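Dear colleague,

I am handing over the structure below, and I would be grateful if you kept it open while you read the notes that follow.

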Amino acid sequence: MGRNDAFNGWALMLISSVAWCYYTFWVLVLPIVDRDHPIQSYFPSRFYALLIPQFIMVVTGTLTASFIALVMIRSEDTTSEEEEVAWTDTEPWRGLRSEASR
């Protein structure tokens, strides 16, 4: 199992490094190179250099906010009677008010 994890980590690191180098070259070096140079054919338009990261950030932010909202919604209904009793024990006047109103 450990050998498989090491290989997966190595592969992900290699893919991430290649993607980072490609993107960095695309964003920092290609604006300096002439438009009719043959290397320009290996890269999409510079418009996508900004569009792709923005799309990834919006999707990541939406998924993160959705996950947090889902956790908050599900944890809202977990108040037990013991917690409610403990709350009234720390504030004894709460119990008196509920008994007086009866």
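A patch is made of residues with over 30% relative accessible area and no salt bridge, where like charges are joined within 9 Å and nonpolar side chains (Val, Leu, Ile, Met, Phe, Trp, Tyr) within 5 Å. A salt bridge is a side-chain nitrogen of Lys or Arg within 4 Å of a carboxyl oxygen of Asp or Glu, and accessible areas come from the Shrake-Rupley method with a 1.4 Å probe, only the protein chains shown counting as cover for residues.

This is a predicted model, in which local features need pLDDT of at least 70 and side-chain atom pairs count only at pLDDT 80 or more, while totals for chains, interfaces and linings use all residues. Residues are numbered from 1 along each chain as its sequence is written, and side-chain values use heavy atoms, with hydrogens and water left out.

Phe47, Tyr48, Leu51, Ile52, Phe55, Ile56, Val59 and Leu63 make a nonpolar surface patch of about 790 Å². Of these, Val59 is partly exposed at 34% relative accessible area (buried means under 20%, exposed over 50%, partly exposed in between, with a 1.4 Å probe and protein chains only).

The whole structure holds 6 aromatic pairs (ring centres of Phe, Tyr and Trp, its six-membered ring, within 6.5 Å; planes under 30 degrees apart are stacked, over 60 edge-to-face, the rest tilted). In one of them, the rings of Tyr22 and Trp26 have centres 6.2 Å apart and planes at 50°, so the pair is tilted. Tyr22 is partly exposed at 36% relative accessibility, whereas Trp26 is buried at 3%.

With kind regards
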